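Hi there,

Open it up first, then read on with the model in view.

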Amino acid sequence: MPNATDFIADLARSVAFLSRIPVPNRFFLGQSGSFSRAVRAFPLAGVLIALVPALVLYTLSQTGDALVTSLIALSLMVLLTGALHEDGLADAADGLGGGRDREHALAIMKDSRIGSYGVVAMLLSFSLRAASLAALARFDSSLAAVSMLAAACLSRSVMIWHWSALPPARTNGVAVAIGAPERGSRNLALLIGGVMGLIFIASHLGIPVAIFAILVCAAAGQFFTAFVRRKLGGHTGDTIGATQQVSEIVLLSTLALIA
């Protein structure tokens with residue numbers, strides 16, 4: 001069983017890693033820089049990061065236009081995360097879409113400049129998520145808020161699955177430097193993300209719908225992982241971030257279509 005104190009420390013470090021939210025230095029004292037164990041807290045960290053944007057979405061959608069409030073909530077989320085996952089999506093889209101082969105794709109992904117594939121991916125990400133949250137808000141503002149929380153935890157669980165399912169595509173880079181997820185930590189992250197996502201969605205749409213939406217989200221992550229395996233033979237920090245985006249987009253779109 002995980003030690004509560006250690007888990008809280010992992011949660012604090014996860015929030016710091018996944019966002020720009022300041023975290024006290026004491027949680028980093030004596031740490032090696034590895035996140036192999038700390039990934040178990042990623043889903044819960046995602047929920048904590050999304051709490052304020054979800055609250056803003058719920059509050060503003062009571063009286064304001066649903067699409068505008070959804071864009072405001074997403075903008076706040078991006079400010080809190082520093083566009084960490086969106087940057088990964090853009091770079092991965094450029095490399096996977098424009099790369100002639102594995103080496104060319106990796107070279108493109110390492111380039112800080114954004115290309116046409118990256119621009120299109122970013123536009124689709126924001127438009128699909130904003131439209132989905134707006135549709136949910138028009139139906140029920142509280143459903144939109146809990147859907148944002150569900151997407152925050154489930155997408156980070158799927159992200160860890162992608163991370164652990166593939167070897168590193170490079171011998172260096174952020175994903176290599178912070179270590180591969182431990183098996184137990186990966187399993188705990190999947191459990192936490194799945195249970196929390198189920199609770200959030202089922203509270204408004206029922207258990208059958210929640211299970212279906214979670215399975216669709218997981219399938220999207222598995223499909224993207226298989227695609228990356230064929231193209232690159234392994235993961236990078238960009239493909240890990242892109243997995244979070246893909247699974248979040250698919251989950252919110254699924255909920256908007258079936259709510």
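**What I found**

Let's begin at the start of helix 11, where a side-chain oxygen of Thr-236 comes to within 3.2 Å of the backbone nitrogen of Asp-238. Please keep in mind that this is a predicted model. Helix 11 itself has 22 residues and spans 32 Å from its first C-alpha to its last, close to the 32 Å expected at 1.5 Å a residue. Most of this helix is covered, with 16 of its 22 residues buried.

**How confident is the prediction?**

Across the protein chain the average pLDDT is 94, and 99% of the residues score at least 70. Which elements have the lowest and the highest mean pLDDT? Helix 8 (residues 174–177) has the lowest, at 75, and helix 2 the highest, at 98.

**Charged pairs**

Side chains of opposite charge can pair when their charged atoms come close. How many salt bridges does a search of the whole structure find? The search finds eight.

The side chain of Arg-129 meets that of Glu-86 in a salt bridge, at 3.2 Å from N to O. This pair links distant parts of the chain: Arg-129 belongs to helix 6 (residues 116–139) and Glu-86 to helix 4 (residues 84–98), and they are 43 residues apart. Is Arg-129 buried or exposed? Arg-129 counts as buried because its relative accessibility is 2%, and buried means under 20%. The same cut-off makes Glu-86 buried too, as its relative accessibility is 4%.

Arg-129 also forms a salt bridge with Glu-248, and here the closest N and O atoms are 2.8 Å apart. This second pair again links distant parts of the chain, with Arg-129 in helix 6 and Glu-248 in helix 11 (residues 237–258), 119 residues apart. Both Arg-129 and Glu-248 are buried.

For another setting, look at Asp-111 and Arg-113. They form a salt bridge whose closest N and O atoms are 2.7 Å apart. Asp-111 is partly exposed, with a relative accessible area of 25%, while Arg-113 is exposed, at 62%.

There is also a network of salt bridges to trace, which links Asp-6, Asp-10, Arg-13, Arg-37 and Arg-40. Where does Arg-40 sit? You will find Arg-40 in the loop between helix 1 (4–18) and helix 2. Although Arg-40 is in a loop, this residue counts as buried, with a relative accessibility of 7%. The side chain of Arg-40 makes a polar contact with the side chain of Asp-10, at 2.8 Å. Arg-40 and Leu-190 are 150 residues apart along the chain, yet their C-alpha atoms are separated by 8.1 Å.

**A patch on the surface**

Leu-48, Leu-51 and Val-52 make a nonpolar surface patch of about 240 Å². Leu-51 lies in helix 2 (residues 42–60).

- Ser-70 lies in helix 3 (residues 66–81) and is buried, at 0% relative accessibility. The side chain of Ser-70 reaches the backbone nitrogen of Ala-134 at 3.1 Å.
- Ala-83 is in the loop between helix 3 and helix 4. Ala-83 has a positive phi of about 55 degrees although it is not a glycine, and this residue is partly exposed, with a relative accessible area of 22%.
- Asp-140 is placed in the loop between helix 6 and helix 7 (141–165) and is partly exposed, at 26%. Asp-140 and Gln-62 are 78 residues apart in sequence, and their C-alpha atoms are 9.2 Å apart in space.

Enjoy looking around!

Best wishes

How values were computed. Residues numbered from 1 in each chain as written. Predicted model: local features only at pLDDT ≥ 70, side-chain atom pairs only at ≥ 80, totals over all residues. Heavy atoms only, no water. Patch = residues over 30% accessible without salt bridge, like charges linked within 9 Å, V, L, I, M, F, W, Y side chains within 5 Å. Areas by Shrake-Rupley, 256 points an atom, 1.4 Å probe, with all protein chains shown as cover. Salt bridge = Lys/Arg side-chain N within 4 Å of Asp/Glu carboxyl O. Helix = DSSP H or I, 4+ residues; strand = E, 2+ residues; numbered from the N terminus. Buried < 20%, exposed > 50% of the residue type's maximum accessible area, 1.4 Å probe, protein only. pLDDT = per-residue confidence, 0-100. Polar contact = N/O pair within 3.5 Å; in protein donor to acceptor, adjacent residues only side chain to side chain. Expected span 1.5 Å × (residues − 1).
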